Amino acid sequence: MGKLLEVEDLHVTFQTHGGEVKAVRGVSLALSEGETLAIVGESGCGKSVTAKSIMRLVPEHIGKIKSGSIRLKGRELTTLTEQEMRKIRGKEISMIFQDAMTALNPTITIGEQIMEGIIRHQGISRREAREQAIEILTLVGIANPESRLKQYLHQFSGGMRQRIMIAIALVCKPAILIADEPTTALDVTIQAQIVDLFKQIQKKTGVSIIIITHDLGVVAKIADRVSVMYAGKVVESAPVREIFYNPQHPYTKGLLASMPRLDSDRNMPLTPIPGTPPDLFSPPAGCAFVARCDWALEVCRHHQPAASAFDDQHTVACWLQDPRAKTVKYTLRAATGL
Amino acid sequence: MERKKLVEVKRLHKHFTIGKGLLLRAANDISFDIYQGETFGLVGESGCGKSTTGRTIIGLYQPTSGEVLYDGHNVHTDKSREGKSLMRRMQMIFQDPYASLNPRMTVADIIAEGLYLNDMYKGRQRLQRVYDMLELVGLRKEHANRFPHEFSGGQRQRIGIARALAVEPEFIIADEPISALDVSVQAQVVNLMKQLQREQNLTYLFIAHDLAMVKHISDRIGVMYLGNLVELTTSERLYQDPKHPYTQALLSAIPVPDPDLERERERIIIQGDVPSPVIPPSGCVFRTRCPVAKPVCSERKPDWLEVAPQHFAACHLYQ
């Protein structure tokens, strides 16, 4: 089965007053047709920058794709001109953002905003475009689409705005939908509606989805595969069940252990990951997780671990996977207050 | 066991006038007690009035009607010496660790401000108190002369906790104290709060929208919807046997980090959005989204009843 999208060894840096930030430091991802890939990680781990790099939306005067390759159906995207890229955005790959109120234009009716993409990519008349806009609004579950086309963003609730953004992204039937924290700004009951909408849309249109989130509950519900990012790198990639039931990287284990669950015993203290993520102005020479890792070895301080195959679906970037380290015994850290 | 009621909230209303003669009913007829030494969780979606309730309890807002008693003293009207001391005995931890610390003050000044205002720990003792507080929350003495921007989100929240605890309070209102933090850091702050509660016999009002975290930290939980308290019971009971349809929907909407369980689970997805609190529905405020609404729900507001021992709900299903 051919991969729809492949990202290989992507490096992205930003020039700031404080120096160069290495936001993405060698990310590799793969997305198959009809699949949902979740990218998980904490703020600042480079998950949004990776997504924006795929869309080539990293602002060019400060951000730079240093090296690496992004291939859509075998076609290299990093070397395309802006003009060529415009034919891909919206038509081949679409993106939706966390906050619809700032991502969409408050002074233009939502109908215009939906039709803009259709007219640009398909070159059809306004009337036909309007019909498609009505069709897509129905698909995302907005009642009375004819009259709502004439309304502005502020006339919609938070959940409805998210639906409109999804409609705009899907209207040209892209092969890939990238959703950057699509449910984070929403209340739980609305969040459940939107997550369900993603699943329905995927069933109906077959679109492949990359969802970026820090909510492991959403991941469990929606993802087929998961890539866990930490400090600009993918530390573990596996099918969703493997990530939750057989995690290998200490960071993945730590993330899962630090979340309270509704069915867990509340007298047990939570198991946090001590410390904070490293500074990406000067990333550590070795593994970025070494300072917070309970199983850190001497080699972890000096050399970055390469991604190694745990099995054919599951890759881990950790020195504990090295055959010479296999004698290390995993024990869960005794839960301490701090 | 008869426990001491530390905070008594009695029929508290807080309405805001928002111009054009409109009234925003942010908190409507809220009544509950908080016992000494417990953690009381208040949950609900954004705009449900949980923060307004917390801010009114501590006296940041004057109530429209109703009263809040702290250890027998009315928080809003008691101007006696005892009444004024409540400002010290109740402290607050805020949601946004970036906005709630003055960027122009050093950490030492931030923590010592309450000591200065309350005339506590004079002279050399004051700086020592600051150092002690920093150590208590897991920071170091060297941090005292730094400014807030030099710290990460989790560290800032620790500074906010140190500031609240410096004046030896008994009761802490924590308004979404962890929602601005990353998952791995949230657990650090929650464990710290639990540890401090044991060591200093603190009472907490923990306000949050993350039901899993609230359940983890609270002894009892109140659920709010559109300005009203709809259910109140122990955290175990609330999870095992939720009575109000809104609580049931809320619990079932929370995604569980467990793929097999998550994909099998029957869930109640409530349709539509929260109505405007300016024009709330007649009768029961949840009826417009309720899967089991009856005609009576639009006619009359359900009474607040004890539907099971220590389990209160306002719903016509149980009237």
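Me: Which residues of α11(A) are buried?

Reply: They are A:P250, A:Y251, A:T252, A:K253, A:G254, A:L255 and A:S258. Keep in mind as we go that this is a predicted model.

Me: Okay, and what does that say about the helix as a whole?

Reply: α11(A) is largely enclosed by the rest of the structure, because 7 of its 9 residues are buried.

Me: What covers those buried residues of α11(A)?

Reply: The cover includes α9, β9 (225–230), β10 (233–239) and α10 of chain A. Chain B takes part too, with α7 (183–200).

Me: Nice, that brings in the other chain. How many residues of chain A are in contact with chain B?

Reply: 38 residues of chain A are in contact with 38 residues of chain B. On the chain A side, the elements that give two or more residues are α8 (188–205), α9 (216–222), α10 (240–245) and α11 (250–258).

Me: Which one gives the largest share?

Reply: That would be α8(A), with 6 residues. As for the kinds of residue on the chain A side, they divide into 18 nonpolar, 12 polar and 8 charged.

Me: Let's stay with α8(A). How does it sit against α10 of chain B?

Reply: The axes of α8(A) and α10(B), which is residues 245–253, come within 9 Å and cross at roughly 50 degrees. The two helices are therefore oblique to each other. Their crossing is left-handed.

Me: And which residues make that contact?

Reply: From α8(A) there are A:V188, A:T189 and A:A192, and from α10(B) there are B:A249, B:L250 and B:A253. Sorted by kind, this contact has 5 nonpolar residues, 1 polar and no charged.

Me: Switching to sheets! What is the strand order in the open sheet of 8 strands?

Reply: In chain B the order is β6-β7-β8-β3-β9-β10-β12-β11, and the pairing is mixed. β6 (90–93) and β11 (305–308) of chain B each have a single partner strand, so one side of each is left without a neighbour in the sheet. From one strand to the next, the twist averages 20 degrees.

Me: Which helix packs on that sheet?

Reply: Helix α6 of chain B, residues 153–166, packs on the sheet and touches β6 and β7 (171–175) of chain B. The direction of α6(B) makes about 175 degrees with that of β6(B).

Me: Remind me, what holds the strands of a sheet together in pairs?

Reply: Strands pair through backbone hydrogen bonds, in either a parallel or an antiparallel way.

Me: How do β9 and β10 of chain B pair, parallel or antiparallel?

Reply: Antiparallel: β9(B), residues 220–225, and β10(B), residues 228–234, pair over 6 bridges. For example, B:R220 has B:T234 in β10(B) as its bridge partner.

Me: What about the sheet of 4 strands in chain A?

Reply: This open sheet runs in the order β2-β1-β4-β5, with antiparallel pairing. Its edge strands are β2 (19–32) and β5 (75–76) of chain A, and each pairs on one side only. β1(A), residues 3–16, pairs with β2(A) over 11 bridges, and A:L10 has A:V27 in β2(A) as its bridge partner.

Me: Last one: is B:Y116 buried or exposed?

Reply: B:Y116 counts as exposed, because it has 12 C-beta neighbours inside 10 Å. You'll find B:Y116 in helix α4 of chain B, residues 107–117.

Methods. Residues numbered from 1 in each chain as written. Chains lettered and ligands numbered in written order. Predicted model: local features only at pLDDT ≥ 70, side-chain atom pairs only at ≥ 80, totals over all residues. Contact = placed C-beta atoms within 7 Å. Nonpolar A, V, L, I, M, F, W, Y, C, P; charged D, E, K, R; others polar. Pairing = 2+ DSSP bridges. Axes fitted to C-alpha atoms, helices over the stretch in contact; angles between N-to-C directions. Parallel < 35°, antiparallel > 145°, perpendicular 65-115°, else oblique. Left-handed = near helix turned anticlockwise from the far one by under 90°. Buried ≥ 20, exposed ≤ 12 C-beta atoms within 10 Å, placed from the backbone.
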